[in-house]
Amino acid sequence: MKSFILFLSVGLLFSCKQNQKSLLEGAWIRKGTINYKGGKPIDTVEFKGIFFEVYTKGSFSLLMNEIKIDSITGEDTDKGVAEAGTYTLNDNKLKKKVYYGTGWLGEGLGKWSGPDKDYIEMEFEVDYGKNHLSKLIISPFHPSALDSLGNGFAEYYTRVD
């Protein structure tokens, strides 16, 4: 009987370990923007709109619609976008390959991807745990990346599921 319980315990341990998902997998909603000055976070500002990301094993999708009110007409000028693709996560480096997009992103995929590939690649430095995720884009050509003085911003998310 003792060997049966030991066998069952070991079997459950290994089966649970194989089914474990990474801390990044799941649904995330953007709550704010972390502002950096001199390479250090100095402030967090509330994000207005919807920015919803879902990560599964190796793939992701994103729905985004920021609220941008025109000061003259009072209308929201942001039409929103969606994107989907694949990703890899190594330590604190997240690499995304965006294969599909809507709105301005969909229109730009062909222009920005180049003749030798059918996706846009983006890289982020991430800090994540069970209920938090921050993403700092790593690209000297992207406006949200930290500049040479360490000024810029990161996106801040909380887990939905």
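A charge is taken to sit over a ring if NZ of Lys or CZ of Arg is within 6 Å of the ring centre and within 35 degrees of the ring normal. The model is predicted, so local features need pLDDT of at least 70 and side-chain atom pairs count only at pLDDT 80 or more, whereas totals for chains, interfaces and linings use all residues. Residues are numbered from 1 along each chain as its sequence is written, and side-chain values use heavy atoms, with hydrogens and water left out.

View 1. Strand β7 covers residues 120–128 and includes F124; strands (E, at least two residues) are DSSP runs, numbered from the N terminus. F124 has a relative accessible area of 6% and is therefore buried (under 20% relative accessible area, with a 1.4 Å probe and protein chains only). K135 is positioned over the face of the F124 ring, 4.6 Å from its centre. Not counting residues up to four places away in sequence, the contacts of F124 (heavy atoms within 4.5 Å) include N92, L94, K96, K135 and I137.

**View 2. The aromatic pair F51 and Y157.** Rings of Phe, Tyr and Trp (its six-membered ring) pair if their centres lie within 6.5 Å; planes under 30 degrees apart count as stacked, over 60 as edge-to-face and the rest as tilted. The whole structure holds seven aromatic pairs. In one of them, the ring centres of F51 and Y157 are 5.7 Å apart and the planes lie at 70 degrees, so the arrangement is edge-to-face. This pair links strand β3 (residues 49–55), which holds F51, with strand β9 (residues 152–159), which holds Y157, across 106 residues. R30 lies over the face of F51, at 5.2 Å from the ring centre.

**View 3. A network of salt bridges.** A salt bridge is a side-chain nitrogen of Lys or Arg within 4 Å of a carboxyl oxygen of Asp or Glu. The network links R30, E53, E83, K96, K135 and E155. Between R30 and E155, the closest N and O atoms are 3.7 Å apart; R30 is in strand β1 (residues 26–37) and E155 in strand β9, 125 residues apart. Both of these residues are buried. For E53 and K135, the closest N and O atoms are 2.7 Å apart. E53 is buried at 0% relative accessibility, and K135 is buried at 2%. K96 and E83 form a salt bridge at 3.7 Å, N to O.

Terms used. Helix = DSSP H or I, 4+ residues; strand = E, 2+ residues; numbered from the N terminus. Buried < 20%, exposed > 50% of the residue type's maximum accessible area, 1.4 Å probe, protein only.
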